[in-house]
Amino acid sequence: MKKVIVTGGAGYIGSHTVVSLYRNGFLPVIVDNFSNSHKIIIHNLSKYLNFSYQFVNLDCSNIFSVDPTEVCGIIHFAACKSVGESVSRPLWYYKNNLESLLWVLNYIQTNKINNFVFSSSCTVYGRPEYVPVDEGHKITSSPSPYGQTKVICERIIDDWKKNFEDVNVCNLRYFNPIGAMPQVPIGEYPKQEPENLVSRLMNYASGKGMFCIHGNDYDTHDGSAVRDYLDVGDLANSHVEVLKYMEELEEVFGIGRK
């Protein structure tokens with residue numbers, strides 16, 4: 001059974017991708033330090049995966065402690081992702097998100113791992129010049145430090161890839177995952193206050209926190225913002241499908257509804 005390392009594998013998208021890997025015959029190797037996730041996620045995964053996985057509790061700076069034997073690829077989710085927090089803690093975001101990528105790329109390079117999937121974001125398009133945005137849209141400056149880390153990470157990957165053409169790389173760009181996979185108790189469960197709209201709405205419905213709608217002058221039928229959402233199960237499956245067919249695919253994909 002081929003192993004796939006999933007950094008940030010106890011997080012929201014990462015844990016669902018672990019399930020998708022298991023369903024597709026891979027052995028997931030979860031790497032997470034629980035900086036913004038809970039150990040209960042690993043507990044719940046273990047009941048569903050029936051021990052067909054491995055878990056390593058560490059930061060990406062210690063990724064060289066992970067045994068590379070039979071590892072066929074890495075899916076990299078480990079990063080801070082709050083736009084609001086990145087504005088108040090920009091130095092931390094640059095340090096964490098860039099350093100974690102550099103450690104992972106060094107691990108790939110040293111151990112001659114062939115496949116790398118990077119969890120990017122549609123924030124790399126900044127303020128889009130046209131919509132709907134496609135993969136041909138240029139990446140530009142993002143309005144938040146979080147978005148800027150994704151822009152810089154993609155450029156680092158591009159520069160690194162020029163010297164390692166035998167490594168298959170794919171950047172996946174997307175917005176707004178929601179939901180949960182049926183039969184697996186691993187929905188969104190961050191340690192910090194959730195920023196995703198649906199998570200905030202569910203908290204409000206259960207009597208926790210406030211729910212505010214910002215903006216009333218958008219070019220929509222009622223002036224409020226319209227956003228597109230992506231089922232997290234579909235998103236997880238997309239990461240795995242890309243991994244399965246890396247040699248045949250482009251290096252950038254936007255993931256969203258048709």
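Two strands are taken to pair if DSSP finds at least two bridges between them; helices (H or I, at least four residues) and strands (E, at least two) are DSSP runs, numbered from the N terminus. The structure is a predicted model, in which local features need pLDDT of at least 70, side-chain atom pairs count only at pLDDT 80 or more, and totals for chains, interfaces and linings use all residues. Residues are numbered from 1 along each chain as its sequence is written, and side-chain values use heavy atoms, with hydrogens and water left out.

Strand β4 (residues 71-76) is joined to strand β1 (residues 3-7) by five bridges, and the two run parallel. In this pairing, Val4 stands opposite Gly73 of β4. Four bridges join β4 to strand β5 (residues 115-119), again in parallel, and here Ile74 stands opposite Phe116 of β5. Six of the six residues of β4 are buried (under 20% relative accessible area, with exposed meaning over 50% and partly exposed in between; 1.4 Å probe, protein chains only). Strand β4 is therefore largely enclosed by the rest of the structure.

A nonpolar core is a set of buried Ala, Val, Leu, Ile, Met, Phe, Trp, Tyr and Cys residues joined through side-chain atoms within 4.5 Å. The largest such core has 35 residues, of which Val4, Leu21, Leu45 and Tyr174 touch the most other members. Two or more residues of this core come from each of β1, α1 (12-23), α2 (39-49), β4, β6 and α7 (232-244); the largest share, six residues, is that of α7. A second, separate core of 24 residues includes Ile5, Leu101, Tyr107 and Phe116.

With contact defined as heavy atoms within 4.5 Å, Leu21 touches Val4, Val6, Phe26, Pro28, Ile75, Val240 and Leu243, not counting residues up to four places away in sequence. Phe175 lies in the loop between β6 (168-173) and β7 (177-178). Because its relative accessibility is 38%, Phe175 counts as partly exposed. The C-alpha atoms of Phe175 and Val117 are 16 Å apart in space, and the two residues are 58 residues apart in sequence.
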